[in-house]
Amino acid sequence: MTRFWLGGYGPAMEGSADGIGLLAGDESAPTVLEYRGAITQTPSPSWLAQHPSLDVVYAALEGDAGVQAFVRSGESALRPLGEPVAAGDGVCHVAVSSSGSFLIASCYGDGRVVRIGIDVQGRLVPDAVNKAAELRAALLGEPLEEAPPAGVAAAASDPYSGELTATGDKRSSHAHSAAFLADGRIATTDLGFDLVRIWRPIAGGLVLDHEVVLPVGTGPRHMVAHPSGHLHVVTEYSCEVFTLAAGRDGTWAVVSSVLTSPIAEIGVDFPAELARTRDAQFLYTALRGSNTIAALRVRGGGEALESIALADSGVDWPRHHLVHEGKLLVAGQRSDTVALIDLDERTGAPLDIRHVAQAPAPTHILPVR
């Protein structure tokens, strides 16, 4: 049976999801997917991540500024594994280390990048700083002053501090995603400050190594690490994909950039996710606005991309998508649907929309392992 956990937006985030949902297809018709309902009562679990070795799933609770762990308790069931752990305002992405010993939470609202520990059973390790403050307050009867979460990485200043946004507002930091690099370092995007930051993990936290500054107003959002070692970064505002590479001294820099599509319309189209095929020959990004899927071919040794096709996504506001068994699944946040699209194995181009399933405000699709 083909099954996927679905993240979604609840009423507080202008959506209709009740929690983490289940999307499944029968063995007799694996490409005909059906929403089986919410399996947790969780407010706006907008992004999900799987533990590398345990049956534990982590959810970014975007409207509640926290991250929560869930353990699989049946064939298609999850139950909470501990209480939510504080992360930051608008936490919109979580990425789990290959060791399973910690995760990185990216917070759009306040720009925080937070390292949260994971114990051997998959539980999130509570914030040591806040726990100490809570204990002191309880013992002394003092009011609890809010303390920043342990493992919060301090963001650097805006390289374009004199610039304003397109609407004339002051620029703000908006962390949006994290990716683990082959050398053990971690890359994060700052959509508001047009940065890709490179961090070194240390005990209980992160240390900023250096930054890659992208052109002002590009809005780096999500990333894909290529097997060659290159890092592809899609930008929400400029509709581009930048390719980064590390030099001999370990410093990352931009080596190429390409428009997601020659007919992408800046200010109308807003790229969301970036996903690649298993053989790493093709990348796909979804353009919210025109509601299309842009396909790109990887050139050379991963250092360049070429736009090859643009197709209907089959949904409204395609917030997330993934490649699964030669097909593309696309989550339509505003249409309350998930579309299944055939892919041409030879050219990489999206083909026909094979099936559309109803699902409440889907924002993330995670295969059930």
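**Buried, exposed and in contact**

Colleague: Where does Arg278 lie?

Modeller: Arg278 is in the loop that links strand 21 (270-276) and strand 22 (282-288); a strand here is a DSSP run of E, at least two residues, numbered from the N terminus. This is a predicted model: local features need pLDDT of at least 70, side-chain atom pairs count only at pLDDT 80 or more, and totals for chains, interfaces and linings use all residues. Residues are numbered from 1 along each chain as its sequence is written, and side-chain values use heavy atoms, leaving out hydrogens and water.

Colleague: Why is Arg278 called exposed?

Modeller: Exposed means over 50% relative accessible area, buried under 20%, and partly exposed in between (1.4 Å probe, protein chains only). Arg278 has 82% relative accessibility, so Arg278 counts as exposed.

Colleague: And what makes His222 buried?

Modeller: His222 has 3% relative accessibility, so it counts as buried. His222 sits in strand 17 (residues 220-225).

Colleague: What makes the pair His222 and His176 a polar contact?

Modeller: A polar contact needs a pair of N or O atoms within 3.5 Å; within protein, one must be able to donate a hydrogen and the other to accept it, and residues adjacent in sequence count only if both atoms are side-chain atoms. The side chains of His222 and His176 make such a contact at 3.2 Å.

Colleague: Which residues does Ile116 touch?

Modeller: Leaving out residues up to four places away in sequence, Ile116 touches several residues, including Val67, Phe102 and Leu124; contact means heavy atoms within 4.5 Å.

Terms used:
Helix = DSSP H or I, 4+ residues; strand = E, 2+ residues; numbered from the N terminus.
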